[in-house]
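I opened the file to see how the chain is put together. These entries record what I looked up, in the order I looked.

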Amino acid sequence: MNDIKNEKDNNIAISVRHVDKVYKLYDKPSDRLKEALGLAKCRHTDHSALSDVSMDIRKGETVGIIGTNGSGKSTILKIITGVLNPTAGEVEVDGRISALLELGAGFNMEYNGIDNIYLNGTMIGFSKKEIDEKMDSILEFADIGEYVYQPCKTYSSGMFVRLAFAVAINIDPEILIVDEALSVGDVFFQAKCYHKFEEFKAMGKTILFVSHDLSSIAKYCDRVVLLNKGVKLGEGEPKEMIDAYKKVLVGQYELPEPGQNRLLDDEELRSAAAQAVDGEAGSGAETGTAAPADANVNPDLIEYGSGKATIEEYYITDESGTRTSAIIKGSDYSIHMRVRVNEDIPGPIFAYTIKNIRGTEITGTNTMIEKSFLEPVQAGEVKEITFTQHMNLQGGEYLLSLGCTGFEEDEFTVYHRLYDVLNLTVISDKDTVGYYDSESRVTVQ
């Protein structure tokens, strides 16, 4: 890894130029050996994890990287930190890096906590005197008490990540690189981690931040880079990139040509999304089973019912009508379900419920409560139901359940119910106390 010496780039902390990363994949270990010894030709297939990725991170910036699983986010961080070597391209870094990638990766489990603090500090480049000066702040942040004098192999997973995080965060780096590491430990420790992160940002440190938590991306980042399948689609303001990412989530699309690294425009993304949705909807109509047009469907959903009706399609749209599972707090959104009636029903009730990830029901309603539909339906009918409302839940992850029920001779009957069928992500840069934002209007005189 080279130091940046060019004066015209003295404001650049990290420079990534045309980086490729290709892995050789083998069907079995013996194929690798045979190819290495020249006993067989080309026993591998190439997998491109990154393709011609370029970006500059300026000093003092907080830059986020977002993308679906397998988009190359962690790979590019490992290349920047020197954990991996690129297949092609160059990376230049100006400043001391602290990387929160795989917490505790450099720990010796036979050593106690104190020994591992010295071990990690030395690996980063600190002298014993410098580590001694930082020891109190590390121990205070980790807050694991006398366990710090015990071998790390005796630690609980919570104590281990607390110590690893404390070591990584308290070395006063010029550049902080974070890969999904701000949600370790219990809720109180998480709050401490985020507070430290905000301190770094206020001090003007350079921060490169990878997360699936879009609320954190929106709140902390000055600029966001969008990756997909190893290709950089674009970079820009957090809201712009999050909106693009939401569109990418709806389905597959043709990637830009190598070297383009451009953001697909709205028309291209909407067209690709519509094609993906039409394909999914068509397959569902043929099979008669629930066919979500959303990438965040739960593969382990629970469903049951008498079968007199079938919820055969379900999805969420944002205020622009784009199918997505990520909704920006403060905007309108809609929950859609298409129900096919298989037998005559005297008065179906269509419903939805939103839970948090701990299973607590947060909100929900149905067509009977809303007095919006109280009619009998006949076999063969198809009903399109849309619930539209304002999103004022706090930022975070939620689960959506859907149902078609009713009363037959005063007995409650479930025709089809889908529990925790879709993930709903609320993106927010301002969270208040509790589950809801009461949208207070404040005056101070």
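The entries below go from the whole chain to its sheets and then to single residues.

**Entry 1. Whole chain**

I note at the start that this is a predicted model. I counted the secondary structure of the protein chain and got nine helices and 18 strands. The chain has 445 residues, and 47% of them count as buried. I then looked at contacts with a separation of 6 or more: residues 24 or more positions apart account for 70% of these.

**Entry 2. The three-stranded sheet**

I traced an open sheet of three strands in the order β2-β1-β4, and its pairing is antiparallel. Which strands stand at the edges? They are β2 (44–58) and β4 (88–93); each has a single partner strand, so one side of each has no neighbour in the sheet. The twist from one strand to the next averages 20 degrees.

I followed strand β1, residues 12–26, to its antiparallel partner β4 and found five bridges between them. One position I checked is aspartate 20, whose bridge partner in β4 is alanine 88.

Helix α2 packs on it with contacts to β1, β2 and β4, and the direction of α2 makes about 115 degrees with that of β1. Helix α1, residues 29–36, lies across β1 and β2 and runs at about 105 degrees to β1.

**Entry 3. The six-stranded sheet**

I read the strand order of an open sheet of six strands as β5-β6-β7-β3-β8-β9, with mixed pairing. The edge strands are β5 (97–100) and β9 (231–236); each has a single partner strand, so one side of each is left without a neighbour in the sheet. Neighbouring strands here are turned by 15 degrees against each other on average, direction ignored.

I looked up helix α2 again, now from this sheet. Helix α2 spans residues 73–81 and touches β3 (62–66), β5, β6 (175–179), β7 (206–210) and β8. The direction of α2 makes about 150 degrees with that of β6.

At the β9 end of the order, I checked the pairing with β8. Strand β8, residues 223–228, runs antiparallel to β9, and five bridges join the two. Valine 225 stands opposite glutamate 235 in β9.

**Entry 4. Strands β14, β17 and β18**

I moved on to β17, residues 396–408. Strand β17 pairs in the antiparallel sense with β14, residues 349–356, over eight bridges. Asparagine 356 stands opposite tyrosine 398 in β17. Strand β17 also runs antiparallel to β18, with twelve bridges joining them. In that pair, leucine 399 has asparagine 423 in β18 as its bridge partner.

What sits in the loop between β17 and β18? I found glutamate 409 there. The hairpin has two residues between its strands, and glutamate 409 takes a positive phi near 55 degrees. Is glutamate 409 buried or exposed? The relative accessibility of glutamate 409 is 82%, and the cut-off for exposed is over 50%, so this residue counts as exposed. I also took the distance to proline 346, which is 63 residues away along the chain: the two C-alpha atoms are separated by 9.6 Å.

**Entry 5. Aspartate 437**

I picked aspartate 437, which lies in the segment after β18 (411–427). Its relative accessible area is 6%, under the 20% limit, so aspartate 437 is buried.

What does the side chain of aspartate 437 meet? A polar contact of 3.0 Å joins it to the side chain of lysine 329. A polar atom of the aspartate 437 side chain also lies 2.8 Å from the backbone nitrogen of glutamate 439. Leaving out residues up to four places away in sequence, I listed the residues that aspartate 437 touches as Lys329, Asn392, Gln394, Lys430 and Thr432.

**Entry 6. Cysteines**

I searched the whole structure for disulfides and found zero.

Technical notes
Residues numbered from 1 in each chain as written. Predicted model: local features only at pLDDT ≥ 70, side-chain atom pairs only at ≥ 80, totals over all residues. Heavy atoms only, no water. Pairing = 2+ DSSP bridges. Helix = DSSP H or I, 4+ residues; strand = E, 2+ residues; numbered from the N terminus. Axes fitted to C-alpha atoms, helices over the stretch in contact; angles between N-to-C directions. Contact = heavy atoms within 4.5 Å. Buried < 20%, exposed > 50% of the residue type's maximum accessible area, 1.4 Å probe, protein only. Polar contact = N/O pair within 3.5 Å; in protein donor to acceptor, adjacent residues only side chain to side chain. Disulfide = S-S within 2.5 Å.
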